[in-house]
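Here are my notes for your first look. Keep the structure open beside them and check each point as you go.

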Amino acid sequence: MNKIKWYGALLALFFVLMGAATIYSCITNRNHLPLVSLTLPEAVEDGCCRVPNQAVQEQGYRHLFVVEEEQGAWGKEYVCREILLPNVSNEGQTTLIYADLGGLPVVVSSTEPLYDGTVVRLS
């Protein structure tokens, strides 16, 4: 009977340590995600919206990132999706975009370079 209690206590200690390690790794991983600032696009007309100039990036082609909320393994995750912009019109402090963004928030700034599918933290 004494051996069973000892094995039970050892098993309980194992599960407590595994739970603590899982929580620690999730918190640590989340703190290392890129931090992004968002803004909502201003709808101008059907299929056209206005965003700040900082949201539009040029790396041989024009694009911007929108953020989608998805259900992850440990709760909600925010994932960047790249939107290619074939037609844009610069209007001073804003850019007119002829693309449907689906009302999703647009990334204005990020602490790290972003790619399609990057999981991010919101500021």
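1. Does W6 count as buried or exposed? The model is predicted. In it, W6 has 54% relative accessibility, so W6 counts as exposed. The cut-off for exposed is over 50%.

2. Now look at the rings. The whole structure holds two aromatic pairs. W6 and Y7 form one of them: their ring centres are 5.4 Å apart and their planes stand at 70 degrees, so this pair is edge-to-face. F14 and F15 also pair: their centres are 5.5 Å apart, with planes at 70 degrees, so this pair is edge-to-face too.

3. F15 has 54%, so it counts as exposed.

4. Four strands make an open sheet in the order 2-3-8-7, and the pairing is antiparallel. Strand 2 (42-45) and strand 7 (88-91) are the edge strands, each pairing on one side only. On average, neighbouring strands here are turned by 30 degrees against each other, direction ignored.

5. Strand 7 pairs with strand 8 (residues 94-97) over four bridges, in the antiparallel sense. Opposite V88 stands I97 in strand 8.

6. Last, find E69 in strand 5 (residues 62-72). Which residues does E69 touch, leaving aside its neighbours within four places in sequence? The contacts are K76, E77 and Y78. S89 is 20 residues from E69 in sequence, and their C-alpha atoms are 28 Å apart in space.

Notes. Residues are numbered from 1 along each chain as its sequence is written. This is a predicted model: local features need pLDDT of at least 70, side-chain atom pairs count only at pLDDT 80 or more; totals for chains, interfaces and linings use all residues. Side-chain values use heavy atoms; hydrogens and water are left out. Helices (H or I, at least four residues) and strands (E, at least two) are DSSP runs, numbered from the N terminus. Contact means heavy atoms within 4.5 Å. Rings of Phe, Tyr and Trp (its six-membered ring) pair if their centres lie within 6.5 Å; planes under 30 degrees apart count as stacked, over 60 as edge-to-face and the rest as tilted. Buried means under 20% relative accessible area, exposed over 50%, partly exposed in between (1.4 Å probe, protein chains only). Two strands pair if DSSP finds at least two bridges between them. Axes are lines fitted to C-alpha atoms, for helices over the stretch in contact, and angles run from 0 to 180 degrees between N-to-C directions.
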